[in-house]
Amino acid sequence: GLQTVPATLYNHRHPEAPPTSVVLPQCLGVWAASSAIYLAYAAVSKARGWKVPHAAIRPAYSSGVLWAVGFVLMVAGIRDLGYSVGYALDAAGPIMVSSLLSLLVFREIRGRTQTALYFVGFSLQLVGVLLIAANGQA
């Protein structure tokens with residue numbers, strides 16, 4: 001949750017700026033730091049004669065693009081809905097989607113007890129998010 005704090009503070013201090021004005025600096029910083037770490041690893045590996053799996057970087061960059069799109073939507077949502085509602089939806093929404101995929105598509109949750117526990121947890125989380133959304137202030 002801390003990665004949203006600078007963006008939220010900036011947006012509160014600069015209400016005239018579009019909410020997505022914080023996205024490029026943060027994403028560029030994450031990309032530059034990640035690339036520098038990977039290049040340092042590749043250089044050390046090459047110097048020691050280790051094989052570097054360069055194909056592993058493609059999924060990482062693809063997931064970074066997906067994260068950046070989500071970050072744009074999150075920042076805009078927090079700006080429009082307020083921090084309490086926007087962050088609650090941003091934090092719980094992806095977990096709810098991934099858990100449904102885990103249950104329905106990948107079939108990682110099996111058995112009556114595990115499925116029942118899943119639905120209890122999912123229901124409690126859904127109720128919590130709905131209560132925050134209904135009672136949150138923008």
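Author: We can begin with A88, which has a relative accessible area of 12% and counts as buried. Keep in mind that this is a predicted model.

Reader: Why is A88 called buried?

Author: Buried means under 20% relative accessible area. A88 has 12%, so the label buried applies. A88 is in helix 4, which covers residues 83–104.

Reader: What does A88 touch, not counting residues up to four places away in sequence?

Author: A88 touches Y83, G93, V129 and I132. Contact here means heavy atoms within 4.5 Å. As for distance along the chain, A88 and I109 are 21 residues apart, and their C-alpha atoms are separated by 25 Å.

Reader: What makes L104 exposed?

Author: Exposed means over 50% relative accessible area. L104 has 52%, so L104 is exposed. L104 is found in helix 4.

Reader: Which residues form a nonpolar patch on the surface?

Author: The patch is formed by V97, L100, L101, L104, V105 and F106. Together these residues have about 560 Å² of accessible area. Membership requires over 30% relative accessible area, and L104 has 52%.

Reader: How do you know that R107 is exposed?

Author: The relative accessible area of R107 is 52%, and the label needs over 50%, so R107 is exposed. R107 lies in the loop between helix 4 and helix 5, the latter being residues 112–135. Its phi is near 50 degrees, a positive value in a residue other than glycine.

Reader: Why is S45 called buried?

Author: S45 has a relative accessible area of 0%, and the cut-off for buried is under 20%, so S45 is buried. S45 is placed in helix 2, residues 23–48.

Reader: What lies 2.9 Å from a polar atom of the side chain of S45?

Author: The backbone oxygen of Y41 lies there. A polar contact is a pair of N or O atoms within 3.5 Å, and the distance here is 2.9 Å. Leaving aside neighbours within four places in sequence, S45 is also in contact with W50 and V52.

Reader: What makes V23 buried?

Author: V23 has 9% relative accessible area, which is under 20%, so V23 is buried. V23 lies in helix 2. Leaving aside neighbours within four places in sequence, V23 is in contact with F71 and V72. The C-alpha atoms of V23 and P53 are separated by 30 Å, and these residues are 30 residues apart along the chain.

Reader: Why is V69 called partly exposed?

Author: Buried is under 20% and exposed is over 50%, with partly exposed in between. V69 has 46%, so V69 is partly exposed. V69 lies in helix 3, which is residues 57–81. V69 and S45 are 24 residues apart along the chain, and their C-alpha atoms are separated by 32 Å.

Reader: How do you know that R79 is partly exposed?

Author: At 29%, R79 falls between the cut-offs of 20% and 50%, so R79 counts as partly exposed. R79 is found in helix 3.

Reader: How many residues apart along the chain are R79 and N11?

Author: They are 68 residues apart along the chain, and their C-alpha atoms are separated by 7.3 Å. Not counting residues up to four places away in sequence, R79 touches N11, H14, P15, E16, A17, P18 and P19.

Reader: Which residues of helix 1 are buried?

Author: In helix 1, residues 5–13, A7, T8 and N11 are buried. Seen down the axis of helix 1, its buried residues fall within an arc of 95 degrees, so they line one face of the helix. An α-helix has 3.6 residues a turn, so residues three or four places apart point the same way.

Reader: Which residues are exposed on the other side of helix 1, and what do its buried residues pack against?

Author: P6 and R13 are exposed on the other side. The buried residues of helix 1 pack against helix 3 and helix 4.

Key:
Residues numbered from 1 in each chain as written. Predicted model: local features only at pLDDT ≥ 70, side-chain atom pairs only at ≥ 80, totals over all residues. Heavy atoms only, no water. Patch = residues over 30% accessible without salt bridge, like charges linked within 9 Å, V, L, I, M, F, W, Y side chains within 5 Å. Areas by Shrake-Rupley, 256 points an atom, 1.4 Å probe, with all protein chains shown as cover. Salt bridge = Lys/Arg side-chain N within 4 Å of Asp/Glu carboxyl O. Helix = DSSP H or I, 4+ residues; strand = E, 2+ residues; numbered from the N terminus. Buried < 20%, exposed > 50% of the residue type's maximum accessible area, 1.4 Å probe, protein only. Polar contact = N/O pair within 3.5 Å; in protein donor to acceptor, adjacent residues only side chain to side chain. Arc of directions from axis to C-beta.
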